[in-house]
Amino acid sequence: MIEPTEAPPARRAGPRVARSGPARVAHLVLSLNVGGLERVVLRLLERTARDRFAPVVCALEEPGALAEELARLDVPLVVLPRARGLDPALTVRLSAWMRRERIRLVHTHNPGPHLYGALAAGLARAASLPGGGGPRVVHTKHGRNYPRQRRKVLVNQVASALTDRVVAVSDDARAVALEVERIDPAKVVTILNGVDTDAFRPGDAAAARARLGVPASGYHVGCVARLAPEKDHATLLTAFARLRGARPDAHLTLIGDGALRPALEAQGAGLGLGGAVTFAGTRGDVAALLPAFDVFALASLTEGISLTLIEAAAAGLPIVATRVGGNPEIVREGETGLLVPPGAPEGLATALEAVAAREDRAEMGLRGRARVVERFGVDRMARAYEDLYDEVLGQ
């Protein structure tokens with residue numbers, strides 16, 4: 001079993017699985033739109049050893065805004081669009097594509113691709129000649145996947161029964177897989193998401209603020225997240241309005257976009273925040289912008305393990321985040337940041353004010369970076385997945 005929450009897995013000294021060439025690995029996603037899951041997939045593709053594995057991405061909805069990165073990575077993309085609702089025909093088309101492309105391993109991301117990918121791979125194995133094998137399946141559980149919705153839990157259970165390994169990206173996601181979805185413990189492994197700690201690192205605050213066009217002085221609160229309901233920017237805005245009562249010099253920057261932007265802009269105006277909040281939209285230079293902030297805030301109602309929190313910690317920022325999902329696995333209470341209940345603007349405002357007053361604020365951020373370097377490096381993540389692929393293909 002691969003368990004990179006401890007030391008990185010050692011490379012096996014013995015011979016690798018016999019192959020006529022690199023094993024074809026298909027990553028199944030809904031799309032490559034902007035999000036943490038999608039960026040994890042891209043970083044994994046970037047570091048996949050091409051002498052051992054030949055990756056391809058299959059999207060079941062659309063290419064997505066980040067798909068252009070695949071050309072730089074020299075990774076093919078195919079779109080097999082699914083119909084609305086349940087689409088049994090997609091399973092047949094996926095299976096035929098897997099056989100035609102000689103896919104050896106299917107790596108699924110998100111519950112929808114997991115169900116269709118596992119069913120299609122099973123169909124492809126059944127259609128193979130005796131002894132000819134067929135694609136194996138690895139699924140990454142990037143989030144909690146609605147543990148209170150029985151129907152969705154059942155779908156995950158069905159897909160997992162046809163899956164060789166289920167990867168949890170946090171201890172919390174692992175607990176959901178084992179205790180809620182009742183997946184065979186022998187199938188479940190933990191591989192923490194990783195970030196590039198050379199790209200995400202402390203930098204020049206003045207230059208970053210100039211790049212964002214925000215005030216050069218004052219107490220800067222930053223957040224990088226899609227403007228979606230589960231990220232609960234509404235609570236963050238309410239908390240920030242309270243913070244401004246104690247810190248009139250405070251400024252909030254929200255990096256990210258989404259359908260809620262007009263409503264959130266209206267909320268900010270209604271709270272009298274005016275020029276104290278910057279809606280920066282989607283940015284491709286987040287690593288260069290994070291040093292602009294004095295503290296990173298995340299008000300999410302649910303998380304698997306937040307990639308933006310890991311990136312912020314790698315940039316040396318103290319963090320105030322909600323105590324949900326895998327967030328406590330990134331933030332050490334009182335040491336690298338503060339954790340608060342979700343949906344509680346008063347607690348969030350108090351924590352932001354407390355961080356502003358701490359004399360060791362910079363040291364909090366540096367302790368957080370040291371933790372990321374130790375546990376959340378992207379190369380560690382890529383090595384763990386490669387070893388998992390070898391293990392599954394060798395079965």
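Two exercises follow, each with a worked solution.

This model is predicted, so local features need pLDDT of at least 70 and side-chain atom pairs count only at pLDDT 80 or more, while totals for chains, interfaces and linings use all residues. Residues are numbered from 1 along each chain as its sequence is written, and side-chain values use heavy atoms, leaving out hydrogens and water.

**Exercise 1.** Find the strands that pair with β11.

*Solution.* Start at β11, residues 295-298. (Strands are DSSP runs of E, at least two residues; helices are runs of H or I, at least four; both are numbered from the N terminus.) Strands pair if DSSP finds at least two bridges between them. Next, look at β8 (residues 220-224), which pairs with β11 in the parallel sense over 2 bridges. Here V221 stands opposite V295. Then turn to β12 (residues 319-322), joined to β11 by 3 bridges and also running parallel. In β12, I319 is the bridge partner of F296.

**Exercise 2.** Classify the ring pairs that link F53, Y385 and Y389.

*Solution.* First, the rule: rings of Phe, Tyr and Trp (its six-membered ring) pair if their centres lie within 6.5 Å; planes under 30 degrees apart count as stacked, over 60 as edge-to-face and the rest as tilted. Take F53 and Y389: their centres are 5.3 Å apart and their planes at 80°, so this pair is edge-to-face. Now take Y385 and Y389: with centres 6.4 Å apart and planes at 45°, the pair is tilted. Finally, Y385 and Y389 lie 4 residues apart in helix α15, so about one helical turn separates them.

Definitions and conventions. Buried means under 20% relative accessible area, exposed over 50%, partly exposed in between (1.4 Å probe, protein chains only).
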